Amino acid sequence: MNVSLPEDLKSFVDSQVNDGNYGSTSEYVRDLIRRDQDRRQLRAALLEGARSPIVGPADAAYFASLRSRTETDT
């Protein structure tokens, strides 16, 4: 796969690699793709939650029950 970039974007990617943030331009692009996937998954989960019915108040008891469920899951 080849990607054409304008000079200013190419310089930016090169600087990310040269600064030691990434080992190569391919690694930088892979990281961007993974971050985009994560962002899309998070957005889908948030939208799903926003569409779901409200089942009760999110008070201290609710968060305590979440904590206890999490502690028993580990």
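Me: What is a pocket here, and how much space lies in the largest pocket?
Reply: A pocket is an open set of grid points with protein on both sides within 12 Å along at least five of seven lines. The model to which this is applied is predicted. In the largest pocket, the space comes to about 360 Å³.

Me: Which residues lie nearest the centre of the largest pocket?
Reply: The lining of the largest pocket is made of 14 residues. Those nearest its centre are V3, L5, T25, S26 and V29.

Me: Which element gives the most residues to the lining of the largest pocket?
Reply: Two or more lining residues come from each of α1 (7-18) and α2 (25-51). With seven residues, the element that gives the most is α2.

Me: Which pattern does the chain follow along the sequence?
Reply: The secondary structure consists of three helices, with zero strands. Read along the sequence, this gives the pattern α-α-α.

Me: Why is the chain described as more spread out than a compact globule, and what is its radius of gyration?
Reply: Along its principal axes, the C-alpha trace spans about 55 × 30 × 20 Å. For 74 residues the globule rule gives 11 Å, and the chain is well over that, so it counts as more spread out than a compact globule, with a radius of gyration of 21 Å.

Me: What percentage of the accessible surface belongs to carbon and sulfur atoms?
Reply: Buried residues make up 8% of the 74 residues in the chain. The accessible surface comes to about 6700 Å², and the share of carbon and sulfur atoms is 55%.

Me: How far apart are the mean positions of the positive and negative charges?
Reply: The chain carries 10 positive and 12 negative charges. Between their mean positions the distance is 5 Å.

Me: Is S15 buried or exposed, or does S15 fall in between?
Reply: S15 is part of helix α1. Buried means under 20% relative accessible area and exposed means over 50%. The value for S15 is 27%, so the residue is partly exposed.

Me: How far apart in space are S15 and T25?
Reply: S15 sits in helix α1, and T25 is among the residues nearest the centre of the largest pocket. The two are ten residues apart in sequence, and their C-alpha to C-alpha distance is 9.8 Å.

Me: What separation do the C-alpha atoms of A44 and G23 have?
Reply: A44 belongs to helix α2 and is partly exposed, at 43% relative accessibility. G23 is 21 residues away from A44 along the chain, and their C-alpha atoms are separated by 31 Å.

Methods
Residues numbered from 1 in each chain as written. Predicted model: local features only at pLDDT ≥ 70, side-chain atom pairs only at ≥ 80, totals over all residues. Heavy atoms only, no water. Helix = DSSP H or I, 4+ residues; strand = E, 2+ residues; numbered from the N terminus. Rg over C-alpha atoms; globule rule 2.2 N^0.38 Å. Buried < 20%, exposed > 50% of the residue type's maximum accessible area, 1.4 Å probe, protein only. Areas by Shrake-Rupley, 256 points an atom, 1.4 Å probe, with all protein chains shown as cover. Lys, Arg positive; Asp, Glu negative; His and termini not counted. Charge placed at Lys NZ, Arg CZ, Asp CG, Glu CD. 1 Å grid on protein atoms, 1.4 Å probe; cavity = no way out; pocket = protein on both sides within 12 Å on 5 of 7 lines; lining within 4 Å. Points joined across faces, edges and corners; volume = space filled by probe spheres on them.
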